[in-house]
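Subject: Structure handover

Hello,

Here is the structure we talked about. Please keep it open while you read; my notes follow below.

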Amino acid sequence: MSRFILAEDQLPTAWFNVLPRLESPMEPPLHPGTREPIGPDDLTPLFPMALIAQEVSTDPWIDIPGEVLDILKLWRPTPLVRAERLEAALGTPARIYFKDESVSPAGSHKPNTAVPQAFYNKAEGVTRLTTETGAGQWGTALSFATSQYDMECKVYMVRASYDQKPYRKIMMEVWGGEVVPSPVDEPDHPGSLGAAISDAVRDAVGRDDTHYALGSVLNHVLLHQTVIGLEARDQLKLAGESHPDVVIAPCGGGSNLGGLAFPFVPDEGVRLVAVEPASCPTLTEGRFEYDFGDTAGMTPLLPMYTLGHDFVPPSIHAGGLRYHGDSPIISKLVKDGRMEAIAYPQGKVFEAALQFARSEGKVPAPEAAHGIAKVIDEALAAKESGEERVILFNYCGHGHLDLAAYDDYLHGRLIDA
Ligand SMILES: Cc1ncc(COP(=O)(O)O)c(C=O)c1O
């Protein structure tokens, strides 16, 4: 058997909170003006109280509201797939499994948090959300979620992606989202996630009916994604595996990685690996320090690995990985040595994407292909050493709207940044 499926009633009913399971407490976020620890009141112009509470909660489990579960059930639980044809192509003794998050309406893991974020905002009377989007995946996810709750959504899309990925914009519009290129006031700038966050935050603080929704980085976002790892843990058991040896996922802000990996943090001996682009090497070459989440310096200061909030990464195709910082929890796990990090140039990433597409048949998002490149290296290392190794990775999105990137790769136009 190569696909391991859970029934609808086996969808997790509580999120896994990693905060109380960390070796030591997190450093607090600081106010951008005073540099003092922020309190809930500092965040109320942007987020509903329920999400602010989740951001700092130390409860080991947090119940998922029934109305959120009803929407998640449109595509969850997602399949766990054993990549037997990739194993055969590599001639490896490793057993490779992936969690297929590409089956969501938006085509990635992002709706797992878009839905609860829209739900909690709606419950507190908010009627409009603003956000940033890099690859366009998060913008589509939030447009889908707000359409389910009859809310308005305005998406500031990084201009490089806005130009490269017109179909993502159309998808957002299908769900009623309004999409504009960012930075709004610099038409010749390729943009960055940091600048788009500034645009979206500025919009939200200027209106009473509006809040801001972030697609990654913050604790509550990663919390919502833990349905991925919780399901995967059950599905690996169905596959007859006691545990994975290594858990791998791409890392932009850390949400799909945290979602898959956090439930395995307490399991000593399970290696956790973040994969990032060589052109935006936050975890592998950044500094661990307090920095702003956005370019303009409007967000709280977060303790994280960062390349500097004014860093503008090259316009690589994995738009969702072009972020100067990272989740504070992921940063801490890397700093404490619980998680490894590696960076790959995009030529190697697309080579891996093609090998996956030609063996497993699925065309991955460029972000997902970063993880696949590391999976292939791990599987080849297992072949070299002749050891069995159970590899689990996150197939966090399909690349059906990233075909221009494949066209560049196949016709020698891809810059190997
Ligand atoms: C398919 C896909 N994977 C990964 C990412 C990276 O984000 P994160 O690290 O939060 O999962 C994105 C971001 O847009 C994405 O669209």
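First, a term: helices (H or I, at least four residues) and strands (E, at least two) are DSSP runs, numbered from the N terminus. This is a predicted model, in which local features need pLDDT of at least 70, side-chain atom pairs count only at pLDDT 80 or more, and totals for chains, interfaces and linings use all residues. Residues are numbered from 1 along each chain as its sequence is written.

**The ligand**

Three helices each supply at least two residues of the shell around the ligand: α6 (137-148), α12 (255-261) and α16 (366-385). The top contributor is α12, with 3 residues. A residue counts as near a molecule or strand if its C-beta atom, placed from the backbone, lies within 6 Å of it. There are 21 residues around the ligand, and Q137, S216, G252, G320 and G397 come nearest. By class, the shell has 9 nonpolar, 11 polar and 1 charged residues. For these classes, Ala, Val, Leu, Ile, Met, Phe, Trp, Tyr, Cys and Pro are nonpolar, Asp, Glu, Lys and Arg are charged, and the others, Gly among them, are polar.

**The chain overall**

The protein chain has 17 helices and 15 strands. Its C-alpha atoms fill a box of roughly 60 × 50 × 40 Å along the principal axes. The radius of gyration is 20 Å; a compact globule of 417 residues would have one near 22 Å, so the two agree. That radius is taken over C-alpha atoms, and the globule rule is 2.2 Å times the number of residues to the power 0.38.

Of the 417 residues, 56% count as buried. Buried means 20 or more other C-beta atoms within 10 Å of the residue's own; exposed means 12 or fewer, and partly exposed is in between, with C-beta atoms placed from the backbone. Two residues are in contact if their C-beta atoms, placed from the backbone, lie within 7 Å. Among contacts with a separation of 6 or more, 76% join residues 24 or more positions apart.

**Sheet and strands**

Two strands pair if DSSP finds at least two bridges between them. An open sheet of 7 strands runs in the order β1-β4-β5-β15-β10-β11-β14, with mixed pairing. Its edge strands are β1 (3-4) and β14 (339-344), each pairing on one side only.

Inside that order, β5 (residues 95-100) and β15 (residues 390-395) pair in the parallel sense over 6 bridges. D100 stands opposite Y395 in β15. Strand β10 (residues 246-250) pairs with β11 (residues 271-277), also in the parallel sense, over 5 bridges. P250 has V275 as its bridge partner in β11.

In β10, 5 of 5 residues are buried. V246, I248 and P250 point one way; V247 and A249 point the other way.

**The core**

The largest nonpolar core has 117 residues, and A274, I372 and I391 have the most contacts inside it. Helix α16 gives the most to this core, with 8 residues. A nonpolar core is a set of buried Ala, Val, Leu, Ile, Met, Phe, Trp, Tyr and Cys residues joined through C-beta atoms within 7 Å.

What does A274 touch, not counting residues up to four places away in sequence? The list is C251, L257, L283, I330, V334, M339 and A341.

I330 and V334 are among the buried residues of α14. That helix (residues 328-335) is mostly covered, with 7 of its 8 residues buried. Just after α14, G337 takes a positive phi of about 85°.

R128 lies in strand β6 (residues 128-133). β6 is mostly covered, with 5 of its 6 residues buried. R128 itself is partly exposed, because 18 other C-beta atoms lie within 10 Å. Beyond its neighbours within four places in sequence, R128 is in contact with M151, E152, D209 and T210. β6 runs parallel to β7 (residues 152-158), joined by 6 bridges. T131 has V155 as its bridge partner in β7.

T34 sits in the loop between β2 (14-16) and α1 (40-43). T34 and H211 are 23 Å apart, C-alpha to C-alpha.

Best wishes
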